[in-house]
Each structure stands twice: as C-alpha cells, then as structure tokens.
Amino acid sequence: MNQTRTIHSIHALPGPSDENRAPARKAVDSGDEINLLGLLFTLWNGKWLIALCLALAVAGSVTYLKYVATPMFQATATVVLENRQEQVVDLQNVMSGLSGDQATVNTEVEVIRSRGLARKLVSELSLLEDPEFNRTLRTPSPFSPSAIIAFLTGGDAKPTAAAILNKTVENVLKATSVSNARQTYVFSITMETTSPEKSALMANTLAEVYIADQLAVKYAATDTAVEWLANRVSELKIEVEEAEQAAKNFNASTDLISPEALELLNRQVKDLRGRIDEAGNNFRSAQTALVSLTTARDSGDMPFMAQVAEDPALDRIMVSEADNAPEAFFARFDQIVARVEQERDRAGAQLAALESSYENLNARIEAQSDDLVQLQQLRREAEATGTIYTYFLNRLKETEVQRGIQQPDSRMLSEAVIPQSKSAPRSSMVLALGMILGLGVGVTVVLGREALQNTFRSAEELADHTGARVLGTIPRIPVRKRGQMLSYIVNKPTSSAAESIRNLRTSLMLSNVDHPPQVILSTSSIPSEGKTTLSILMAQNLASLGKKVLLIEGDMRRRVFSSYFDMPAHVGLVGVLTGSVPLEEAVGHDKTLGIDILPSEQPNANAADLYSSDRFGEMLAEMRQEYDIIILDTPPVLVVPDARVAARHVDAVVFSVRWDSTHKQQVSAAIDMFTTVGVKVTGLVLSQVDPKGLKRYGYGQYGGYGGNYGGYYQN
C-alpha cells in the first residue's frame, strides 16, 4: 500500500503530461522503500486513536496500582565471608576456613539460597502459619484457576502436610534473593514480602540461620572426625602390637644368628668355590694322563710308552740287555699306570667332597637369606604401622583440642532495617510501561488499519495504483433523496460540488484539445459508485454553457432515472434501438437542468445484444448531428458487459470510483476488462468524497470542500 501522503489539490487540473507521469510514479512507489514521512503522517492522522489507547493504558495502570497490586517491601542483610581466621592454638584446623576464590563465593551464594536453609527459616519463624507463604490458609476465590480446575474435575483433594511444606519453602525461596558484591566477600540477603517488619525479620533470621548452619556443620564434622580417629587409633594400636609380636616370634624360630654371620658364610662359599676349581683341574689332569698311558700301553711300543710315561727307570730298563728287560719294562709301566689311577681317584674324591660342601653351604645361605628378608619385612611393617599409629594419635589429640574452638566462616556485617517505602510495584515504572503499552497498541492499531486499507482516499493514490489519469473528484452532495439533488445543484451554483463538476468538465474537454469528446460514456466497476449522479451533473454543467446536451439512460436493467426526473418511461432507448419509436418521440426535455433526456424501458432482448447491434451505432451517428454533447450512463463493468460493448462507439469513457469504498482490485479488474476489448479509459473520477473523512484521514488541508479553502464555496 502506498504510504505517501503528498496530496495535490483535488481541484487541480492535470496537465498534458500527467498520463505519462502516472505509471512512472506507480513504479517508483511500488518498491520496498519505506516512506518515513508518510509513516509519521499516518501516525499523526491517528493521533486521537493513539491518545485514546494511551489514556486507557494509563487508566488501567492507575487502577492496577490502586486496587489490584499488592505493595511489596524489601529488606537486606549483609554477611561477610571470613576467609582468614585466627587460630587459638598453633595446630592445623580439621575444618579449615574457606579459600575465598570465586567458585567458593558462588557456592556460598547457592548455599544461602538452598532449600535446607529455607526450610529452617520456615521452622524458625513459623511461616507455615503465614498466609503469604502458605497459600492454603487463604480464602480461595471461586474464579481462581485452581477452583475452576477443581470444579471441572469434580474434586478438590487437600494437599498433604509434606506438599504444603514444600510449597511454602518454594514461596519463601521466591521471596529471597542473594547477591555477591563484585570483587568482595560480602553477600546481600534480600527479602521481599508484603510487610516491612516481616522482610527485615526474615532477612536477619536467614543470615543467622546461615551462620549457625556453618558452625553446626563444623561441629558435626569435628565430632565425626574425632569418633572416626578414635576408632582408627584403637585399630592401629592393635595392628602395631601384632606386627611387633610377629617379628619377635619369627626371629626366635629361625637359625639366623645375624646378618654378619650370613656375610661370613658367603665368604666361605667364595673360598670353597676356588678349591673346587683347583680340585677339578687336578682331576682332569690325572684323567688325561691316565688316558695317554693307557693308549701307549695298548700300542706295545716301548719307546713310545717310555716317552709318554716320562719315567727315567723305563729308559734304563729299555737300554739294558738283560733277558728279562721287556718284562721289567712292562711291569714298571703298569706300576706307573696304577699310581696315576690312584691320583685320579683321590682327586675325584676330593672334588666330590668339595662340591657336596658347596651345595650344603649354599642351601644354608639361601635359607637364612629368606629368613632375613622375611624378618626385615616384618620389622618394616611394624615400623610403618607404628608411624601411622603415631600420626593418627596426634591428629586425634589435635581434633579433640579443636572441638571447643570452632568458628563460622561468615559473620553478620549489617542487619536489615525496616524499609520505609515499598519496593514494588514501582509506580513510575508501571505508569511508564503502561504508557509504552498504550502507545504501542495505538500505533499498532493505526498502522494495522492503514495496512488493511484497500480503498482509495485521494486522487493521487488512485492515479498511482491504476496508472490512469484522474479527471477530478466529486464531493458527496448533502441531500437525502435523489430527487433533491437536482434542485441542490441548480440552487447552489457556487457549491463545492458544482465547482468540482466544472473542474471535471474542464479536464475532460482538455483531454483531447484537437478533438473534444462529443459522446461520453459514464460507468463504474460496481453499483452505487455515483456514476448516474455524475452523468446528470455533467449534463447540467455542459448545458449551462449553452450546449445542447442529451442524457441517455443506458442502464436498461435498473432504470434509476425515474428517481431523478418526473417523466414517463413508456417509450425510450429500447424503442429507438428496436425501431418501434422515432428518436424525437422518445426524447424528453427537463426544464430545470435544460437538457434532453432519453430514458429506458424494460428491454425484451438482452441489453448487451442491443448495444452490439448496428442500430446502436446508427443511432449515435444521428444524435451526433442533433446534439453537441451526448452522455451515456451505462451499467457497472464488473456486473454486465453493456459498458464494454457500448464503449466502442463513444469518444470518452469516464470511470467513477467511490471514495474509500471501492476495492482496488475491483477498479483494476474493471479497467483491464476495457483493455481486453481495445477501449482506453479516458479518465477516472473519485466520487462521493466525504469532506469530514478527508480531514479525519489527514487530507483536509488539501481538500476544497471545507478545510483551509472553505471560504470559496457556498455549500
């Protein structure tokens, strides 16, 4: 919808280039740009509606503040977190003070807002007996949501005591707010209730409950620690005694003398290992020598045997020439072999004895080493258990000392005072919100009404939408009956309606300067748009110029001329078109207006067929010879096709659009229907304009029917 409100004078004559400019304006204004000036002008036009919405909103806000809203009062108590506490004794506190970091501060805020503290506050102040928090104590309204639901469901089950307590705690939490001052350890505990004294009392009590809860938590933790440490110390004492006794018993049952004796055994093993190596070497040497001697003996070669035996006696016997020399040689060699065998056996026996002693000694060392390790393990366990026992015993003593000197981590910084003024509802804010709401609703209604507007309220708006020329605007004539309209226009020649007809006549005649229109067709898109009144007014105005004017009642179906003129309609247009009556007999004359009138009677054939006949064109040709101006009043375009058929034989088509009534789609559809038959609408006329409505919509300063230029007319 075009929001532009730059309205030209309604009586201004469109120049020759207006027809070319109209489509261009339509193209520009149909974009997505928002005309801020037009938007502000629309809001200004609806200022009274906006003012009404504003007044209603302010009245509603005042009513709410005075009769509906319940005054609320806030009281605030402050608590500081003591993150550094002085210890009475130089012992580490079992329950140490809080660290004071941001996470700890946030945790304490949530602790204060916890349901546990709220439940203690309810119990401390007996808030279950307060109707503000225990809603079940209030007298229920028959129109409350709960009462309506109970009525519809057919039951009203009473809540349990636990449910009442939980709901009361929730209501207390809703009235509680806790905040932490930035970069500090200070908490603000705020209570908002309907009583100033109650708010201060609840804020102070909640702070005290919070501090007492901290101390109670520490006492409980200390008692729990003492009890646990005492039990643990008793258990550890028994474990220490059992560990020490186990070490003693094991030491008594083992053969281990001492770690030093075990070290001496290790040295003996080392010595024994050397002797075993030496005995093994001797055994292997004897065995090798025995093998060599046996091999030589088996060969029977005495020189070789003497060489292997390396015995001087064998050498002497071998060089001797005695008869028994060979026998003596072999006897001596056998003695040597027997001696070597003895040496080998003795060395083997010694090696076996040493190895047996070595194995026995190793077994002894291994057994005593295991015993020593086990003994040391038992002693370490006893020492460790003793150390733990000593530590827990010390902690038990420290905790028992700390039991009587516990301090809370927070303290009251300042108590809440009884507020002197209400905190809610804030009258200024409620009034401001009400005014904003009223303005918003008013602006929404005005803009919504403007957005839904689908009619024409100005000539420029009509021209921009259709792209056609607007010849003029006709105000609503202040008469109740159609018959009174003729006397009004005759008796008031200087009225705004008469002046508007003169402007329309001028625009129409100048629409084609070289060939002014002689036959003019008047029509509209739908009925009751003032086309017949426009036809009569144009005929009267043209006749006042000395023109010979013929007004034809072309709407054969409705035939409304009888409402304006007192003349018979037994014969008329239908008779002329059918050839049953000559034109001279059918035409009548109205002395009041000074025009000839051709009424119409009920047709026997379809009206569109009569307009399509050759006789209609011939009739208009005859009339052109007889009259200066011929005005044909036809039916609406969207209702019947009569106007489109007759428009092919006329010089100009004047299209009436009723002000703030006819829809834009109807006008566009009617103009398109003329375009489909090759007929161009000469101009549009905005008819039945309401001067008061113009002023109401913001066009009064441009209209010539009252407003700023009303002194020029005599209405």
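Reader: Leaving aside its neighbours within four places in sequence, which residues is Arg502 in contact with?

Author: Contact means heavy atoms within 4.5 Å. By that rule Arg502 is in contact with Pro493 and Asn541, its neighbours within four places in sequence being left aside. Arg502 and Asn541 lie 39 residues apart in sequence, and their C-alpha atoms are 6.9 Å apart in space. This is a predicted model, in which local features need pLDDT of at least 70, side-chain atom pairs count only at pLDDT 80 or more, and totals for chains, interfaces and linings use all residues. Residues are numbered from 1 along each chain as its sequence is written, and side-chain values use heavy atoms, with hydrogens and water left out.

Reader: Where is the place of Arg502, and what is its relative accessible area?

Author: Arg502 belongs to helix H16 (residues 496-509). Helices (H or I, at least four residues) and strands (E, at least two) are DSSP runs, numbered from the N terminus. Buried means under 20% relative accessible area, exposed over 50%, and partly exposed in between, with a 1.4 Å probe and protein chains only. At 26%, Arg502 is partly exposed.

Reader: Which residues of helix H4 are buried?

Author: In H4 (residues 102-112) they are Thr104, Val105, Glu108, Val109 and Ile112. Viewed down the axis of H4, these buried residues fall within an arc of 145 degrees, so they line one face of the helix. The arc is that of the directions from the helix axis to the C-beta atoms. The partners they pack against are S1, helix H5 (115-125), S2, S3 and helix H8 (196-253).

Reader: How do strands of a sheet pair?

Author: They pair through backbone hydrogen bonds, either parallel or antiparallel. Here two strands pair if DSSP finds at least two bridges between them. The open sheet has four strands in the order S2-S3-S1-S4, with antiparallel pairing. Strands S2 (176-180) and S4 (410-414) stand at the edges with a single partner strand each, so one side of each has no neighbour in the sheet. Between S1 (residues 73-81) and S3 (residues 186-193) there are eight bridges. Phe73 stands opposite Thr193 in S3.

Reader: What describes two packed helices?

Author: The angle between their axes and the distance between the axes. Axes are lines fitted to C-alpha atoms, for helices over the stretch in contact, and angles run from 0 to 180 degrees between N-to-C directions. Helix H11 (residues 312-319) and helix H12 (residues 325-402) pack at about 170 degrees, with axes 8 Å apart. H11 and H12 are therefore roughly antiparallel, a label for angles over 145 degrees; under 35 is roughly parallel, 65 to 115 roughly perpendicular and the rest oblique.
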